[in-house]
Amino acid sequence: MMKTHEKPVQKIVHAPAQSLAVRSAALVSRGLRDLARDSNWLVKKVFAGRASHLAISGTGQVCGITSETSKGAAHLVLYDIESTAPELALAVPKQSHACPADSPARFAWSPTSRYMAAAWEGWQLTIHLFDMHGKAFLGEFGEYKNFPKFLVWSETGKYFGVTAPAGKKVALWLWKAARHGMPISGASMSRVGAPHGIEPQSFGEGFAEEGAFLGYGRCAFSPDETSLATVAEIQGEWADDLIVIFDVPTLRKRDLLQVQGHITDLTWAPDNQQIIYCAAGQAYRLPLARMEFETLPFGAELCACHPHLPLCVCFSAWLKNSAKGRLFLVDLNDLAILDEYPAEGVVDLRWNLDGSKAYAITQDGLAYIYDPPLI
Amino acid sequence: MAPNAADLNTVKPEEQELARKREELTALETELAERELRSANLRAELSAFECRYLHFVGSCYSELDEWKAQLAERLAKEQPDNVRARQAARDARVRADESKSVAGNKAAEEPRTFEATGELKRLYRDVAKRIHPDLTADRGDRAKRQQLMMEANEAYGRGDEAKLAKILTGYECSPEAVTGDGPGAELVRVIRRTSQVRGRLSEIEAEMQELLRSDLYQLKSRVQEARENGRDVLKEMIAKVEEQIAQAKSRLIDKRGTHPLDKGA
């Protein structure tokens, strides 16, 4: 009779993987990347199609609204400039109204990119907060009537600001972040309306009159979190906006300056002593000690100061004599322009967390990565 | 020699099946040895390239990162209230230490390139056929074979023919390897071995694909391709990094200190 040599069936246990040492992986990929480098700028296609309201995080993630997938319905989506991770849709439970991709949306990343605050016409009229580590919706706060103009976190994430078209009274709100649980919740700690002496134009009253205060727009906390600079938007094609500096957290107005034209971006230098801003395609510097603007020798629509070096990365959509756009670095010590690179259609700019790289993105998903070997 | 009719009558069906299975297993064992050889060859080539890359280019990156860390530390010292600058200095120091630990200290001797001789390949094939861990189901024998196979892989990577020959002759067949208990039991063992060999073949394929997709392989291919066109890419990389090291050094010496980038770089 046949007898099998009955041994317990053994599960195959293979020898440890004979893979190569992974410790050298960082130096190897660095070499591979440097090999392909012919400038300090790298260009990369991050997504196909188009997305609007794009906002870059300090870790190179990008959120925006797109209708390229998901049966054509607009939705919030997350891309990654650095990795090849597939795009990720972010949803708010039971709140998906059908609305076009170009409907208003505002995003703000927390300094470490852990949280993302968002407002979108497709949702309830509140600010929505996402935990980006868990890719989960955390909750909502800050009910509004007029769609927000700008959302912003302070340098360490201690404060969160929201601007909106001027209502009857309030146009700027400030929250203090909690250390545990949901970082922003409940009512704002400070709020403020139109600057003294400027008549607000009530939102919803039809066309605003020339020269009326439309509300606060872009804003930026100083790196030391003691000041908030915001743009007071003034109605009219040829009207001039104002920059208003508030104390944080009281929102007491400290300074006000009328600029030339409409401001498209503003950023604080890391010394807390000057603001770089762009208005009507021109770049300016505003030293706070004098509160007089200085026209810089270059044009720009977007600007972002380095977190700790006297450097500013700028985008200009139009370069004299060429009608071509460019990205470039400016040394704020001597205003020399460095590392220019041709670029078109940039909608957001940001330095990464440690300031070793800068990112720029276009609505068509083209990312420009400024990655100098020595910074 | 073909069996005659009388023999055929005496050969039991399980023995016929066993013969077929053994034939199949022999072919698979040959294929396994060949695939293991290819895999070992690729690993050895990549490992040798990695050593050369770290020796020549990695050591330059390590030096550059050290200068960058010193620059960042000085900037942080100049701006004691700037949290970001302090954090950047800490990060730069961590990166410099990491690069140093990976690249190591540059050895005086240049790492060798890997090139397998015909004899080395033949010995490895024989070892793989004889002692491959997937050719046994016995736990004890398997552990022994795994250890020997690891030694064989290391010896192959070093191009050590003598060691491979020693492994081959020194291996004692385990009792499990001896056939016994009749054709039925042997048939079961052969089927199990066949299944193990097939499993290992799939694994080798996956491992090879992973290696071929790796950055290290991409870099090696680029270097090799350039060499065929008369370019020494590693030398070019070293020159680039050395230029950056010179810039970092001069910036560190620069008394202004806050000059962030070299003009016209």
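Two residues are in contact if their C-beta atoms, placed from the backbone, lie within 7 Å. I'm starting my notebook with that cut-off, and I'm keeping in mind that this is a predicted model.

**Entry 1: chain B by itself**

I went through chain B from the N terminus and got α-α-α-α-α-α-α-α-α. That comes to nine helices and zero strands. Next I looked up its contacts with a separation of 6 or more: 80% of them join residues 24 or more positions apart. I also checked burial, and 29% of the 265 residues in chain B are buried.

**Entry 2: where B touches A**

How many residues of chain B are in contact with chain A? I found 54, and they meet 39 residues of chain A. The elements of chain B giving two or more residues to this side are α2, α3, α5, α7, α8 and α9. The top giver is α2(B), with 12 residues. Sorting the B side by type gave me 23 nonpolar, 17 polar and 14 charged residues.

A reminder to myself: an α-helix has 3.6 residues a turn, so residues three or four places apart point the same way.

**Entry 3: a hairpin in chain A**

I moved on to strand β14(A), residues 213-221, where nine of nine residues are buried. Six bridges join it to β15(A), residues 227-234, and the two strands run antiparallel. I followed one bridge from A:Cys219 and landed on A:Thr230. There are five residues between the strands of this hairpin, and A:Glu225 takes a positive phi near 65 degrees.

**Entry 4: the cores**

The largest nonpolar core has 105 residues, and A:Val313 is one of those touching the most other members. I listed what A:Val313 contacts beyond its neighbours within four places in sequence: A:Ala304, A:Leu327, A:Leu329, A:Leu349, A:Trp351, A:Ala358 and A:Tyr370. Apart from that core I found another, of 30 residues, including B:Ala88, B:Leu234, B:Ile245 and B:Ala248.

Technical notes
Residues numbered from 1 in each chain as written. Chains lettered and ligands numbered in written order. Predicted model: local features only at pLDDT ≥ 70, side-chain atom pairs only at ≥ 80, totals over all residues. Helix = DSSP H or I, 4+ residues; strand = E, 2+ residues; numbered from the N terminus. Buried ≥ 20, exposed ≤ 12 C-beta atoms within 10 Å, placed from the backbone. Nonpolar A, V, L, I, M, F, W, Y, C, P; charged D, E, K, R; others polar. Core = buried A, V, L, I, M, F, W, Y, C linked by C-beta atoms within 7 Å. Pairing = 2+ DSSP bridges.
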